[in-house]
Amino acid sequence: MQLETVKILQDSDNLSATSLADYPKVVFLVPAGQELPAVLPYDAELAQRLRRAAHRLADGKPFVTDLPNAAGTRVALVGVDPARDAFGLLGLARELVAALRDYGGTRLALACYGLEPGLAGRAREA
């Protein structure tokens with residue numbers, strides 16, 4: 001049995017709505033308990049869907065939906081609490097991967113919006 005080698009590329013630019021069409025799956029990490037950052041692609045649509053589902057980002061549970069782009073990118077959105085320890089971040093990463101695992105495509109993008117640099121680094125590492 002041959003295992004696939006995962007290739008990780010890092011780009012410091014924020015993902016734009018246009019560039020999201022290149023990814024079948026994406027994870028957005030945002031601050032827990034706050035409004036969605038205005039720089040987040042499709043922020044208005046995502047905020048509306050969060051309200052309609054009565055989902056709170058402060059709960060630390062992923063919210064999964066499809067973006068209204070031509071590719072139908074599947075997004076897992078989660079609020080990250082700065083008090084979460086390394087073990088908690090690893091558990092959150094597992095939940096995010098599980099939420100997107102069965103959706104097609106081999107590429108996944110991870111983007112942090114509005115997180116403090118230290119927290120963003122810890123979350124990306126997990």
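Buried means under 20% relative accessible area, exposed over 50%, and partly exposed in between, with a 1.4 Å probe and protein chains only. Helices (H or I, at least four residues) and strands (E, at least two) are DSSP runs numbered from the N terminus. Welcome to a predicted model, in which local features need pLDDT of at least 70, side-chain atom pairs count only at pLDDT 80 or more, and totals for chains, interfaces and linings use all residues. Residues are numbered from 1 along each chain as its sequence is written, and side-chain values use heavy atoms, with hydrogens and water left out.

View 1. Starting at the N terminus, you can follow the elements in the order β-α-β-β-α-β-α. The chain has 126 residues, and 38% of them count as buried. Contact means heavy atoms within 4.5 Å. Take the contacts between residues at least 6 apart in sequence: 64% of these join residues at least 24 apart.

View 2. Just after H1 comes Ala54, with a positive phi of about 55°.

**View 3. The second largest pocket and its lining.** A pocket is an open set of points on a 1 Å grid over the protein atoms alone, where a 1.4 Å probe fits, with protein on both sides within 12 Å along at least five of seven lines; lining residues have an atom within 4 Å of a point. This one holds about 220 Å³ of space, the volume being the space filled by probe spheres set on the points, which are joined across faces, edges and corners. Among the lining residues are Ala47, Leu50 and Arg51, together with His55, Arg56 and Leu57. By class, the lining has five nonpolar, three polar and three charged residues.

**View 4. Glu116, in the loop between strand S4 (108-112) and helix H3 (117-125).** This residue is exposed, with a relative accessible area of 58%. Glu116 and Val30 are 86 residues apart in sequence, and their C-alpha atoms are 9.7 Å apart in space.

Methods. Nonpolar A, V, L, I, M, F, W, Y, C, P; charged D, E, K, R; others polar.
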